[in-house]
Amino acid sequence: MSTQSPCLKTVITGEYPVLVRRIAARIAELVRFKPNAVLGLATGATPIPIYEALVRYHRQEGIDFSRVVCFNLDEYYPILPASPQSYHHYMQNNLFRKINCPTWHVPSGEAASQDMIEEACHQYEMQIQNAGGIDLQLLGIGRTGHIGFNEPGSQRHSRTRLVNLDRETREDAVADFGSDKDVPRQAITMGIGTILEAREIILIARGEKKRTITQLAMDGPVVAEVPASYLQEHPRVSWYLDGALENNLPQLL
Ligand code: PGA
């Protein structure tokens with residue numbers, strides 16, 4: 001089912017594999033239409049099947065990513081790129097070693113001085129601008145309502161920067177890091193302002209534990225306490241909700 005309201009909020013509901021197919025098809029369509037498209041990519045458990053589908057598009061249908069440029073939303077700090085828990089490693093493993101896309105960027109989580117971090121964040125913004133801006137940004141949503149690692153309190157015009165991670169976000173990362181004490185307390189993330197400059201945004205929310213926060217983000221007030229609510233101010237955002245959230249749809253719209 002697909003509905004569209006006057007503010008161009010598109011809501012697509014269905015079983016998760018169907019959503020995955022539709023999102024991958026949209027990305028493949030964009031890359032066919034614009035071979036030098038700029039993609040904003042996300043990590044976490046939710047997007048992995050989308051990347052698997054993109055790999056199939058590449059291998060079976062010859063979708064060419066050679067001129068595509070990719071920017072990831074965020075990275076833990078501090079972390080080495082080669083660490084198995086880094087988002088750099090995640091992207092390499094799940095996507096970039098399997099397709100022909102040589103130009104991809106993940107914020108650097110390597111330990112550095114405050115000045116060096118600020119400079120690297122500024123450079124990340126410049127790289128996005130120099131690439132022509134992001135055509136399509138893929139987003140998940142955290143239990144805190146974060147997009148990227150913009151936790152509650154993030155400002156509408158925030159840019160790429162070093163942030164503190166919320167307790168729930170760190171709890172959700174324990175499974176990857178093995179123990180609470182090993183989960184980094186900080187991260188580098190694109191800002192809300194950076195994300196909202198993307199020309200098209202796709203947010204995918206999966207599972208019961210995202211139900212309440214997704215409802216608030218879509219339908220509640222636009223507030224810093226729910227960073228994903230800022231997406232209501234974007235002219236072209238599609239909310240993909242899986243079966244666990246679908247039952248809330250009458251309330252959501
Ligand atoms: P998840 O993370 O896909 O692992 O649920 C989403 C997010 O935190 O943005």
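This is a predicted model: local features need pLDDT of at least 70, side-chain atom pairs count only at pLDDT 80 or more; totals for chains, interfaces and linings use all residues.

Me: Where do Arg167 and Glu171 lie?
Reply: Both are in helix α5, four residues apart, which is about one turn of the helix.

Me: Is Arg167 buried or exposed?
Reply: Arg167 counts as exposed, at 58% relative accessibility. Glu171 is partly exposed, at 37%.

Me: How many salt bridges are there?
Reply: The count comes to 15. One of them joins Glu233 to Arg156, with the closest N and O atoms 2.9 Å apart. Glu233 sits in the loop between α7 and β11 and Arg156 in the loop between β7 and β8, so this pair ties together parts that are 77 residues apart in sequence.

Me: Which residues are linked in a network of salt bridges?
Reply: Arg26, Glu29, Glu200 and Arg236 are. Within that group, Glu200 and Arg236 have their closest N and O atoms 3.6 Å apart. Glu200 is in strand β10, while Arg236 is in the loop between α7 and β11, 36 residues away.

Me: And is Glu200 buried or exposed?
Reply: Glu200 is buried, with a relative accessible area of 5%, whereas Arg236 is partly exposed at 44%.

Me: New topic: what volume does the largest pocket have?
Reply: About 810 Å³. Its lining has 36 residues, and Thr43, Gly44, Ala45, Tyr87 and Asp176 lie nearest the centre.

Me: Which element gives the most to that lining?
Reply: That would be α5 again, with six residues. The lining as a whole divides into 14 nonpolar, 14 polar and eight charged residues.

How values were computed: Residues are numbered from 1 along each chain as its sequence is written. Side-chain values use heavy atoms; hydrogens and water are left out. On a 1 Å grid over the protein atoms alone, a cavity is a set of points where a 1.4 Å probe fits but cannot get out, and a pocket is an open set with protein on both sides within 12 Å along at least five of seven lines; lining residues have an atom within 4 Å of a point. Grid points are joined across faces, edges and corners, and a volume is the space filled by probe spheres set on the points. Helices (H or I, at least four residues) and strands (E, at least two) are DSSP runs, numbered from the N terminus. Ala, Val, Leu, Ile, Met, Phe, Trp, Tyr, Cys and Pro count as nonpolar, Asp, Glu, Lys and Arg as charged, and the others, Gly among them, as polar. A salt bridge is a side-chain nitrogen of Lys or Arg within 4 Å of a carboxyl oxygen of Asp or Glu. Buried means under 20% relative accessible area, exposed over 50%, partly exposed in between (1.4 Å probe, protein chains only).
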